[in-house]
Amino acid sequence: MSAPGENLKINADRLWDSLADMAKIGPGIAGGNNRQTLTDADAEGRALFQKWCEDAGCTMGLDQMGNMFARREGEDPDALPVYVGSHLDTQPTGGKYDGVLGVLGGLEIIRTLNDLGIRTKHPIVVTNFTNEEGTRYAPAMLSSGVFAGIHTQDWAYGRVDAEGKSFGDELQRIGWRGEEEVGARKMKAFFELHIEQGPILEIEGKAIGVVTHGQGLSWTQVTVTGRDSHTGSTPMPMRYDAGLGMARILEQVNAIALSHAPHAVGAAGHIDVYPNSRNVIPGKVVFTVDFRSPDLAVIEDMEARLRVEGQRIADEMGLEVAFEKVGGFDPVAFDESCVAAVRSAAERLGYSHMDLISGAGHDACWINRVAPTAMIMCPCVGGLSHNEAEEISREWAQAGADVLMHAVVETAQVVG
């Protein structure tokens, strides 16, 4: 297939303005966004996205998980569509670009092709996946997971938020439950543009991350049990301190991850201490260890060593310890031909680039199970994300969207 010319570029001002307009919906308290999934703000953002898509001549599809599909027709109605997109929902204290850049970058492709009168053989479909963040309804990437057959729809509908409201009921309430069967669509390919959510591209001075793999993830919930006792009157040799046991286990978590440098990582982000009183030695601690690596064998090694070292520490301290795997997914290797399309697009356009492994989960990681998939990343300031201070530059957004457009259009095949 012929590649687009290097003069084919998106309208950067229009994309930047669209990002700013979407950010007005569900504003945060510190310059970012709180547009959590299936809230009224989510519904308002969806409506604006649909209006923009229809103004660009697209037809909107909607499935039973609320996934949105804006279709620009191709010259061959029987040709499999090329999909592009990400998500519009945010964290409670989220930024203006996480996910949104990928959706509106896809829309900008349609607008630019319309401006230039360019037609493609394959249809192009811009997608907004529901509940990628997983902050209101766990797990993350919920609807793309149903699409890819990872989760059942009934199970997803039964997820509840902190107030006991179910996903299925809230999807119906905001008016964005479609009738289309989830996962019925077949894709020629799927491309997702996303901010890096890490510091590597900025540090290396590269405009584009060509994402070759996605890290696998393992969540193990660890429960350490000792004995509550007074912090002032319990002699040091007579303590069964679950908090100290956790601290020693977490030292091992750090050492285990460092032993697989540079790509493996590990930490505990969720910790509950009981009774959590200033003058009581903790009698129980529950925490979740998050291990990630692009190599499944490394993840399995880290899991096994956590259990061995955790048990050793507990035995030495007279504590009890229990381990439960509560989540995870295997590493992802993205499609070589799609990755090559991204890399050649960056080279053709003259943008500096490097191969990158995604440290976070994305909808593309699940869609990769059912269609050839690749991701493009652009830098973000200081690697900061899931924070209202998240920031990118107009130039970074343009570079990412330009590469996205070239990869999508090359795959969709220009006609004429």
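1. The model is predicted, so local features need pLDDT of at least 70 and side-chain atom pairs count only at pLDDT 80 or more, while totals for chains, interfaces and linings use all residues. Residues are numbered from 1 along each chain as its sequence is written, and side-chain values use heavy atoms, with hydrogens and water left out.

2. Helix α8 (residues 242–258) packs with helix α9 (residues 296–317) at an angle of about 150°, their axes lying 10 Å apart. The pair is therefore roughly antiparallel (an angle over 145 degrees). Contact (heavy atoms within 4.5 Å) joins residues of α8, including Leu244, Ile249 and Val253, to residues of α9, including Met302, Leu306 and Ile313. By class, this contact has 9 nonpolar, 3 polar and 4 charged residues.

3. Helix α1 (residues 12–23) and helix α2 (residues 40–55) likewise pack at about 150° with axes 10 Å apart, which means that α1 is roughly antiparallel to α2. Ser18, Asp21 and Met22 of α1 meet Gly45, Leu48, Phe49 and Trp52 of α2, and by class the contact has 4 nonpolar, 2 polar and 1 charged residues.

4. Thr90 is placed in the loop between β3 (82–86) and α3 (100–116), and counts as buried because its relative accessibility is 2% (buried means under 20% relative accessible area, with a 1.4 Å probe and protein chains only). A polar atom of the Thr90 side chain lies 2.7 Å from the backbone nitrogen of Arg35. Leaving aside neighbours within four places in sequence, the residues in contact with Thr90 include Asn33, Gln36, Gly95, Glu133 and Thr135.

Conventions
Helices (H or I, at least four residues) and strands (E, at least two) are DSSP runs, numbered from the N terminus. Buried means under 20% relative accessible area, exposed over 50%, partly exposed in between (1.4 Å probe, protein chains only). A polar contact is a pair of N or O atoms within 3.5 Å; within protein, one must be able to donate a hydrogen and the other to accept it, and residues adjacent in sequence count only if both atoms are side-chain atoms. Axes are lines fitted to C-alpha atoms, for helices over the stretch in contact, and angles run from 0 to 180 degrees between N-to-C directions. Angles under 35 degrees count as roughly parallel, over 145 as roughly antiparallel, 65 to 115 as roughly perpendicular and the rest as oblique. Ala, Val, Leu, Ile, Met, Phe, Trp, Tyr, Cys and Pro count as nonpolar, Asp, Glu, Lys and Arg as charged, and the others, Gly among them, as polar.
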